[in-house]
Amino acid sequence: MRWAGIVIGAVLVGYLAVLLGDSRHFYTDDTEAQYVPMWQLLGTELRAGRFPAMVPWEWMAGNYSLEEAGLYNPAQLLVYLLAPSFDNLALYATAVKFVFSAIAALGVFRICLAYGARAPWAAVAGVAFPFSGWFLFFDEASWFTSQTGTAWLVHAWASAVLYARGRSGPIPLFVFLYLALTIQYAFPAVESGLMIATVAAGEYLYQRKWAPVVRLLTASGLAVLASMIANLPILLSSQATWRGDVSTIHNDPFLTVPWSESLNASLPSTVPAFTAWWGHVQPLPMVYIAWFVIPALAFIDWKAAARHAASWSGIALFAVATLMWTAGPGAIGPLRWPARVLPMLAIALLVLVCVLISRYGDFTVSRRRYAAAGALIALLFIRSFSAAPKLVERHALAVFVVVGLGAGVVWLARTRGTAAAAALTIAATFPIAFVQVATAPRTPLSYGFAEQRSDMTAAFPDFGGRTLQLADRTMVRDEERTLAGTYGSIALGSYAKNLGLHYVNGYTPVGHAAFAGLLCMAWDGGTCPDAYRRVFAVEPSTDTPIVDLMRLDRIVLQRSQYPHAGTEPAPAGWKFVHYPGHEHQIWVLERLNPLPSPGDLIAHESGVHATVMPEAGLTNRATVSSGTGGRIVLSRLAWPGYTATLGNSEIPIRAVAGTFVAVDIPPGTHNATLTVTWRPPGLPISLTTALLALIGITLLQWWFRRTRQHITPHPDPHEPPIIPSNPQLVTALHTPSSTRPTTPTHPASPPLQQPTHPASPPLQQPTHPTSPPLQQPTQPTHRTPDP
């Protein structure tokens, strides 16, 4: 527990170091444009007693059964419930991300312990991971779902190993894997599957028994069944989205990482060479993992490690698989940009190195090991210099830092023990993270939104009703990204959710393909110049303008995109309205007369007489009559999941222009109740599989407890020995037996054993190819146990 507390405290110190380098590091790009506004909206909906699987008025990004919302993830729901209580969005985002980074660090710590590492070296891996390159600069800074998915994945990994080795039951694996799979993001789901496969393979190689593997796969399969409620709607709705073709596999150079970039993993100054937003040479240390991870390879007894390779083979398999994935293909269905897998590679290498250095580390004076470490550092320099020759001075300084830190850690390991060496390794993480963040260029992906919601609301017009904005983010100049400029009038991304306004536009990685094509709307809610014409165009089958089918109250035009719109006549039925203080940024169109029947969901009817259908909620009713038959078009986006009943009979749902929900009313209908309902597709199946999963995991837990009651715990004969890195024991290993102090033996006294750790096996007799067998020391002064 002490080292777990150290891990959490160290991550906090690291976060403070990062914030000193850039106070907005954790509030940028997708975090400010997508996630934080979504937290505000979903939190408001939950507090109002509504489960927001669908927010109908938010057409572009309102289907939260598909978005990266994690609605069936309890931790995510807690984030949403707390969000509306915070005015400072940057502060809240940073606090939330710290919590998940600490969770991720503890998960890596647990993986190391599960594979037999000592707590200090396990803590080194845990602290290093949140400050590895890609995770720090992308997942933590921007892509929140990647961060949260990874946080739960590492705990699932640790629990999988413990369950396979009989040291824990199936419930922790089930829970953590469920949390990773219900983020509603493809990468953590596929990475979790890869992790389980490699752990299962590694445990079979280690134990040579199928039973642990079958138990592991069964518990994992039950977690998949339980998570279907979050993932089945995505699969069943995919054909309506931009991500419809899940079978496409192609390769391109964008964010595809050559394997040679792995040689940059330990030089803090590294700027890798592959194609991304900044061209060919990236200004951020994307492939950096930790300053020690490559040089530490020189201080591992590889012969001893190889003899027990089966015990850590699962880690190696995962490392190889993720390394291959980072190199391509560029897209596998919805999985694009292989560089996103770099955090998985970082986890695998950190765990592998720290487990091996803990179990087989050798810090004795050795010219051969020093030469090997020097050669590895030289390779780091050569590869980093090759990627960015102009930064040779920075690379040389980084080499000096790594050499100095490495020498200090080796000296502490030899003279003060593992805890001191681990402490220096951890402490070095903080200044490196500070320098990397402080010297990084400003990302071109940042929006630069304000931090206080109250400031945003005070600066923005009070737009009531349903608003469509026609604007393009790329036309906003950097100097205008202020509340006194663009952000006081234009809502980019999902900015309007921070304000509590009902905008059609929103940020979405999913996108309704037909609707996006109708208004040429992009993933960030931006539109092309032709959108102005398109929204007032008449839909042929209904002879009704799109703007009326959407039942819009207002259209906001970006002046830089439509510089002359306000000087021309307004479309029929509309007028330009002046909002003082905002004339330099926007034109505002509003209706001459309010919409008839406010709150009516019915946008068009032909051959049908219908009462008002209140648009509140996801089950809507109206009374309809039609003598000859007709059609009703609703102001709803035609997502899969809609059903309609007329009286007691189900009738088919249609889509007008591929976008609007419509139903055909049969002839002879008289005062019948039309009910239109939306539910996430596959909901009955999902609830059934979730129930089966709960029953199954209960049975697995019962079986686990039952078998443990009938088995006497005993040491695992296959558990590999720990090669001690304690200086006194290392000295004893290399001291001739004739010079060692001897003490009388006491038959009544048991032999001295290694202090046990709950996640570590008992210390067994270490071996050395050239030294006589080690006799058990009996004097406490000859050995200082590691904490």
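A residue is called buried when its relative accessible area is under 20%, exposed when it is over 50%, and partly exposed in between, using a 1.4 Å probe and protein chains only. The model is predicted, so local features need pLDDT of at least 70 and side-chain atom pairs count only at pLDDT 80 or more, while totals for chains, interfaces and linings use all residues. Residues are numbered from 1 along each chain as its sequence is written, and side-chain values use heavy atoms, with hydrogens and water left out.

Let's start with the whole chain. Of its 787 residues, 57% are buried. You will find 25 helices and 21 strands; these are DSSP runs numbered from the N terminus, with helices being H or I of at least four residues and strands E of at least two. Contacts (heavy atoms within 4.5 Å) with a separation of 6 or more come, in 75% of cases, from residues 24 or more positions apart.

Now for the cysteines. A disulfide is a covalent bond between the sulfur atoms of two cysteines; here, a pair counts when the sulfur atoms are within 2.5 Å. By this rule the chain has one disulfide. Cys520 and Cys528 form it, with sulfur atoms 1.9 Å apart. The torsion about their S-S bond is about -85°, so this disulfide is left-handed. Cys528 is partly exposed because its relative accessibility is 23%.

Cys112, by contrast, is in no disulfide: its nearest cysteine sulfur, in Cys354, is 5.4 Å away, which is too far for a bond. Cys112 is buried at 0% relative accessibility, and Cys354 is buried too, with a relative accessible area of 1%.
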